[in-house]
Amino acid sequence: MIEKVENWEELSCENVFSNKYGRGIEKKVFRLPDGKECEFFLNSGNDSVFCLAMTKDKKVILVKQFRPGPAKILLGMPGGGVNSGEDIKIAIERELLEETGYKGKPKFVETVFPSAYAMYKKNFFIVNECEKITEPKSEDNGEVLELILLSLDEFRAHIKTGQMTDIGGAYLCLDQLGLL
């Protein structure tokens, strides 16, 4: 029995697949503390940003879209990928405006790991006092969005259904606001 957890030694890293959106799969081989070698296939790509965005009258701004993984339509917080060299605060302002047409005051909440098999991070923000200043911009990447506004009570109830992306991030943001 191993009595102490230790870091593993990375022996190799190979890009197995990457797409035009900056996501991919890397194969990494590690040597474990007991000397065994194990390979892992890890999700790679740029970091991402998401936000709990609220209008001045405390409506939560969400996007509804088809999600290929679960193969169903889900609600999610506005957000997306961070461009290479882009500051995460600029990225969330850009993503919120592109997806919803809203602009507000972002406040950083936390950075999390999406899973034990992901090499990128998700950054969560709260964006208060949002105002609609333009129409959402449709991107040519298969992203088709519908804007949804929910009251805080409706939002909390919806999170509990599990039919949403980034539920953990939503709870982190609500906790930061003292609204759980």
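Predicted model: local features only at pLDDT ≥ 70, side-chain atom pairs only at ≥ 80, totals over all residues.
Q: What separates the mean positions of the positive and negative charges of the protein chain, and what makes a residue count as one or the other?
A: The mean positions of 24 positive and 29 negative charges are 4 Å apart. Lys and Arg count as positive, Asp and Glu as negative, while His and the chain ends are not counted. Each charge is placed at NZ of Lys, CZ of Arg, CG of Asp or CD of Glu.

Q: Why is Gly-22 called partly exposed?
A: Gly-22 has a relative accessibility of 32%. Buried means under 20% relative accessible area and exposed over 50%, with partly exposed in between (1.4 Å probe, protein chains only). Gly-22 therefore counts as partly exposed. Across the protein chain, 37% of the 180 residues count as buried.

Q: Where is Gly-22, and which residues does it touch?
A: Gly-22 sits in the loop between S1 and S2. Leaving aside residues up to four places away in sequence, Gly-22 touches Ser-44, Gly-45 and Asn-46; a contact means heavy atoms within 4.5 Å.

Q: What makes S2 and S3 a pair?
A: Two strands pair if DSSP finds at least two bridges between them. Strand S2 (residues 23-31) and S3 pair in the antiparallel sense over 9 bridges, so they meet that definition. In this pairing, Ile-25 of the chain stands opposite Asn-43 in S3.

Q: Why are S1 and S3 called edge strands?
A: The open sheet of 3 strands has the order S1-S2-S3, with antiparallel pairing. Strand S1 (9-18) and strand S3 (37-45) are the edge strands, as each pairs on one side only.

Q: How many helices and strands does the protein chain have, and what makes a run count as one?
A: The protein chain has 3 helices and 10 strands. Helices (H or I, at least four residues) and strands (E, at least two) are DSSP runs, numbered from the N terminus. Read from that end, the elements run β-β-β-β-β-β-β-α-β-β-β-α-α.

Key:
Residues numbered from 1 in each chain as written. Heavy atoms only, no water.
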